[in-house]
Amino acid sequence: MNVVVCRNHVKEGLLTFPIPHARKLPEFMEVPCHFCKKKAKVKLFVY
Ligand SMILES: [Zn+2]
């Protein structure tokens with residue numbers, strides 16, 4: 001289970017999960033932010 005977020009929504013994304021982990025997305029990955037649909041920079045996930 002994971003969501004991807006832009007820089008502006010990292011905090012909101014972290015609140016989505018009880019024990020989240022964050023990883024920077026590689027530049028070539030063109031995926032939209034879970035909240036605002038801008039280009040995502042960070043992936044948040046739980047194990
Ligand atoms: Zn966003």
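Predicted model: local features only at pLDDT ≥ 70, side-chain atom pairs only at ≥ 80, totals over all residues.

Colleague: Which element has the highest mean pLDDT?

Modeller: Across the protein the mean pLDDT is 92, and 100% of the residues reach 70 or more. Among the elements, helix α1 (residues 10-16) has the lowest mean, 90. The highest mean, 94, belongs to β3.

Colleague: Which strands stand at the edges of the sheet?

Modeller: Three strands make an open, antiparallel sheet, ordered β1-β3-β2. An edge strand here has a single partner, so one of its sides is left without a neighbour in the sheet. That describes β1 and β2 (21-24).

Colleague: And what is the bridge partner of Arg23 in β3?

Modeller: Look at the pairing of β2 with β3 (residues 42-45): it's antiparallel and runs over four bridges. In β3, Arg23 has as its bridge partner Lys43.

Colleague: Now Met1: is it buried or exposed?

Modeller: Met1 sits in the segment before β1 (2-5). Its C-beta has 8 neighbours inside 10 Å, and the cut-off for this class is 12 or fewer. Therefore Met1 counts as exposed.

Colleague: Which residues is Met1 in contact with, leaving aside neighbours within four places in sequence?

Modeller: Glu27 is 26 residues along from Met1, and their C-alpha atoms are 21 Å apart; a contact needs C-beta atoms within 7 Å. With those sequence neighbours set aside, the contacts of Met1 are Phe45 and Val46.

Technical notes. Residues numbered from 1 in each chain as written. Helix = DSSP H or I, 4+ residues; strand = E, 2+ residues; numbered from the N terminus. Buried ≥ 20, exposed ≤ 12 C-beta atoms within 10 Å, placed from the backbone. Contact = placed C-beta atoms within 7 Å. Pairing = 2+ DSSP bridges. pLDDT = per-residue confidence, 0-100.
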